[in-house]
Amino acid sequence: MKKHVQPVDKILLCSLCCLLIIGLLMVYSAGTALGEDAMQDPYYFLKRQFLFMAAGLAAMVVLSRTDYRLWQRWSPVLLIGCFILLVLVLIPGIGMVRGGARSWIGVGAFSIQPSEFMKLGMIMYLAFYLTRHQKRITSFTKGLLPVLILIFAAFGLIMMQPDLGTGAVMTGTCFVLLFAAGARIRHFFILGGAGAVGLAALIVSAPYRLQRITSFLDPWSDPLGTGFQIIQSLYAVGPGGLFGLGFGGSRQKYYYLPEPQTDFIFAILAEETGFIGAGFVLVLFGVFLWRGLAAAMTVPDMFGALLASGICGMIFIQVLINVGVVTGLFPVTGITLPFLSYGGSSLTLLLAAGGILLNITKHRTSYD
């Protein structure tokens with residue numbers, strides 16, 4: 001067995017580039033109607049997405065050339081910075097309100113979403129913490145409880161915005177890391193029960209969340225209200241058939257389907273490219289996750305293995321929720337589709353995470 005630095009995983013890189021290209025095309029197609037009407041520019045979302053992508057790719061290139069083990073030292077500082085941003089976003093005058101949520105910090109049209117950066121910050125810190133305290137993780141009080149306090153502190157700040165979707169992705173990713181680090185299965189059952197009770201409390205405490213659950217169960221009971229998004233999404237996915245209506249041929253993007261360029265871009269993709277196109281994108285995500293997990297299993301240190309597992313877990317959970325919402329399998333929540341949906345913070349964060357994952361693949365173990 002010989003350990004040495006290798007080139008980046010070309011299959012992983014190729015799948016990522018394909019997703020980005022498809023994302024650019026779909027942001028253009030899905031955003032033309034809204035861009036022309038609201039901004040008098042059908043290329044508005046495409047041009048901004050291109051700028052976001054350029055910034056994200058620059059970060060990806062730098063991070064793919066930066067030894068991932070460096071983040072083991074800086075992860076506590078980065079996590080503190082993420083917590084500070086989550087507090088700042090809640091302060092009136094600093095945090096910006098959009099769609100009823102105070103989730104952004106910025107000036108005018110350019111802003112960042114701190115909760116997105118918390119996802120990667122938490123992955124880095126937990127990979128660092130669990131590497132140092134692996135033997136404790138089987139103990140609930142000495143190993144698991146301190147981690148849970150940290151996770152739910154971040155989740156609580158995100159919920160104050162509120163942003164249940166991002167909070168759910170972050171929490172789910174943290175549990176993936178705990179499982180990979182060797183936490184006891186019975187502890188997960190206990191946490192699962194407690195989480196179900198907590199989720200029920202969150203749903204009951206906010207009427208709009210309860211309405212989303214009821215509309216998920218029977219969207220046609222309120223087709224012009226809470227069930228509108230699910231119905232319109234299904235009206236996009238269904239007519240796509242096997243081959244779709246053709247690129248640019250979507251009907252639902254003309255103000256039938258809300259947020260066609262962000263949360264529901266997969267519905268537009270299915271409408272225009274059909275089962276073949278939508279299936280191809282899911283295969284690309286599968287290839288990306290396969291190569292990422294292969295790196296996690298062959299990297300020579302635990303920090304790298306947990307870091308790669310966390311990044312793959314974050315992307316998998318986000319894809320699962322987004323596609324589940326679009327196809328009516330899950331209640332509606334604001335989750336973007338990785339690498340495809342329009343959005344600055346999300347795309348930049350994901351490309352940065354992709355750069356770290358690419359660097360980890362350079363250190364995977366090879367057998368001569």
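Student: Leaving aside its neighbours within four places in sequence, which residues is Asn359 in contact with?

Tutor: Keep in mind that this is a predicted model. Asn359 is in contact with Leu63, Ser64, Arg65, Thr66, Asp67 and Tyr68, once neighbours within four places in sequence are set aside. You'll find Asn359 itself in helix H12, residues 344-361.

Student: Does Asn359 count as buried or exposed?

Tutor: Buried means under 20% relative accessible area. Asn359 has 2% relative accessibility, so it counts as buried.

Student: How do I read a pair of helices, say H5 and H6? At what angle do their axes cross?

Tutor: Angles over 145 degrees count as roughly antiparallel. The axes of H5 (residues 140-159) and H6 (residues 164-181) cross at roughly 165 degrees and come within 9 Å, so the two helices are roughly antiparallel to each other. The crossing is right-handed.

Student: Which residues in H5 and H6 meet?

Tutor: On the H5 side they include Leu144, Leu148, Phe152 and Phe155, and on the H6 side Ala168, Cys174 and Leu178 are among them. Sorted by class, this contact has 15 nonpolar, two polar and no charged residues.

Student: And what about the largest nonpolar core: how many residues does it have?

Tutor: In soluble globular proteins, nonpolar side chains tend to be buried together. Here the largest nonpolar core has 100 residues, and Leu178 and Phe339 are among those with the most contacts inside it. Helix H11 (residues 302-326) gives the most to this core, with 15 residues.

Student: What does Phe339 touch, not counting residues up to four places away in sequence?

Tutor: Its partners include Leu16, Leu20, Phe285, Phe288, Ile315 and Leu350.

Technical notes. Residues numbered from 1 in each chain as written. Predicted model: local features only at pLDDT ≥ 70, side-chain atom pairs only at ≥ 80, totals over all residues. Heavy atoms only, no water. Axes fitted to C-alpha atoms, helices over the stretch in contact; angles between N-to-C directions. Helix = DSSP H or I, 4+ residues; strand = E, 2+ residues; numbered from the N terminus. Parallel < 35°, antiparallel > 145°, perpendicular 65-115°, else oblique. Left-handed = near helix turned anticlockwise from the far one by under 90°. Contact = heavy atoms within 4.5 Å. Nonpolar A, V, L, I, M, F, W, Y, C, P; charged D, E, K, R; others polar. Buried < 20%, exposed > 50% of the residue type's maximum accessible area, 1.4 Å probe, protein only. Core = buried A, V, L, I, M, F, W, Y, C linked by side-chain atoms within 4.5 Å.
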